[in-house]
Amino acid sequence: MSWLMAAVYDRFARESNKACLDQWRAELLRDLSGAVLEVGAGTGATLPYYPKAVKRLVLCEPDPHMRRKLQAKRAAAGAKHVEISDASLEALPATPASLDAVVCSLVLCSVPDQQAALKEIQRVLKPGGKLVFLEHVAADNKPNRLKWQKRIEPVWKHLTGNCHLTRRTEAAITAAGFKIERIERESIRKALPIVRPSIRGVARNSS
């Protein structure tokens with residue numbers, strides 16, 4: 001189904017991007033600097049929001065259909081300095097403790113093993129380096145919505161590249177040894193109700 005996801009993703013997310021996601025991405029990325037890697041960069045929704053203080057930017061996207069769209073968006077932006085990699089979160093293209101920040105935008109919902117993914121992020125981050133995250137999560141404060149998330153999730157995962165609706169990503173980040181520096185919990189406007197609950201913020205590599 002990956003070719004279909006790549007074909008419809010930008011259109012599917014357009015209204016939410018305009019309503020809130022683009023603003024959230026800009027706010028999250030504006031203070032980044034140095035060497036930065038984004039995992040699961042998709043079609044490149046974050047690309048316009050990286051500041052000039054980022055001296056090296058690597059966008060990782062293992063799906064070939066998404067990556068073609070990402071490459072086209074990089075070309076349209078004239079961002080030849082931006083590196084694109086086909087690496088997955090299981091094996092990031094960076095040496096240990098070499099990165100100032102890692103960005104996860106709507107990707108930790110779909111990795112096979114969140115703890116393994118977060119440990120890999122921790123491996124490549126410098127001590128005190130930033131994990132910048134924007135993720136949809138389980139609707140723990142809305143029991144009825146959570147029930148629907150659980151009911152729909154088995155089919156949803158099959159159709160959307162292993163995207164989970166009920167992950168508790170904040171707890172996973174903490175359990176992996178990161179210290180959450182700031183976090184905001186807000187509904188993703190214009191999104192389907194089952195993917196509206198979200199968290200966003202910055203965590204520090206405390207290892």
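A residue counts as buried when its relative accessible area is under 20%, as exposed when that area is over 50%, and as partly exposed in between, with a 1.4 Å probe and protein chains only. By this definition L28 is buried, with a relative accessible area of 7%. The model is predicted, so local features need pLDDT of at least 70 and side-chain atom pairs count only at pLDDT 80 or more, whereas totals for chains, interfaces and linings use all residues. Residues are numbered from 1 along each chain as its sequence is written, and side-chain values use heavy atoms, with hydrogens and water left out.

- L28 is located in helix α1; helices (H or I, at least four residues) and strands (E, at least two) are DSSP runs, numbered from the N terminus.
- Apart from residues up to four places away in sequence, L28 touches V132, F133, L134, R182, R200 and G201, where contact means heavy atoms within 4.5 Å.
- The C-alpha atoms of L28 and V103 are separated by 9.3 Å, although the two residues are 75 residues apart along the chain.
- A cavity is a set of points, on a 1 Å grid over the protein atoms alone, where a 1.4 Å probe fits but cannot get out.
- The count comes to one cavity of 30 Å³ or more.
- The largest cavity holds about 50 Å³ of space; grid points are joined across faces, edges and corners, and a volume is the space filled by probe spheres set on the points.
- L28 and V103 are both in the lining of the largest cavity, together with R25, L29, T46, C104, S105, V132, F133 and L134; lining residues have an atom within 4 Å of a point.
- At least two residues of this cavity lining come from each of α1, β4 and β5.
- By class, the cavity lining has seven nonpolar, two polar and one charged residues; Ala, Val, Leu, Ile, Met, Phe, Trp, Tyr, Cys and Pro count as nonpolar, Asp, Glu, Lys and Arg as charged, and the others, Gly among them, as polar.

**Pockets**

- A pocket is an open set of grid points with protein on both sides within 12 Å along at least five of seven lines.
- The largest pocket has a volume of about 1,100 Å³.
- Its lining has 46 residues, and M5, Y9, M66, L106 and S110 lie nearest the centre of the pocket.
- Helix α1 gives the most to the lining of the largest pocket, with nine residues.
- The lining of the largest pocket divides into 26 nonpolar, 14 polar and six charged residues.
- The second largest pocket has a volume of about 310 Å³.
- This second pocket is lined by 18 residues, with V137, A138, N141, P197 and S198 nearest its centre.
- Two or more residues of that lining come from each of α5 (169-175), β6 (178-187) and β7 (197-205).
- The lining of the second largest pocket comprises six nonpolar, four polar and eight charged residues.

**Nonpolar cores**

- A nonpolar core is a set of buried Ala, Val, Leu, Ile, Met, Phe, Trp, Tyr and Cys residues joined through side-chain atoms within 4.5 Å.
- The largest nonpolar core has 30 residues, and L32, V36, Y50 and L59 have the most contacts inside it.
- Helix α1 gives the most to this core, with five residues.
- A second, separate core of 29 residues includes A87, L89, L118 and I121.
- Leaving aside neighbours within four places in sequence, Y50 is in contact with L29, L32, V36, E38, L57, L59 and V103.

**Helix α3**

- The buried residues of α3 (residues 114-124) are Q114, A117, L118, E120, I121, Q122 and V124.
- These buried residues pack against β4, β5, α5, β6 and β7.
- At the start of α3, a side-chain oxygen of D113 reaches to within 3.1 Å of the backbone nitrogen of Q115.

**Loop residues**

- T43 is found in the loop between β1 and β2 (54-60) and is buried, with a relative accessible area of 1%.
- A97, in the loop between β3 (83-85) and β4, has a positive phi near 55° although it is a residue other than glycine; A97 is partly exposed, with a relative accessible area of 39%.
- K190, in the loop between β6 and β7, is not a glycine and has a positive phi of about 70°; K190 is exposed, with a relative accessible area of 62%.

Methods
A polar contact is a pair of N or O atoms within 3.5 Å; within protein, one must be able to donate a hydrogen and the other to accept it, and residues adjacent in sequence count only if both atoms are side-chain atoms.
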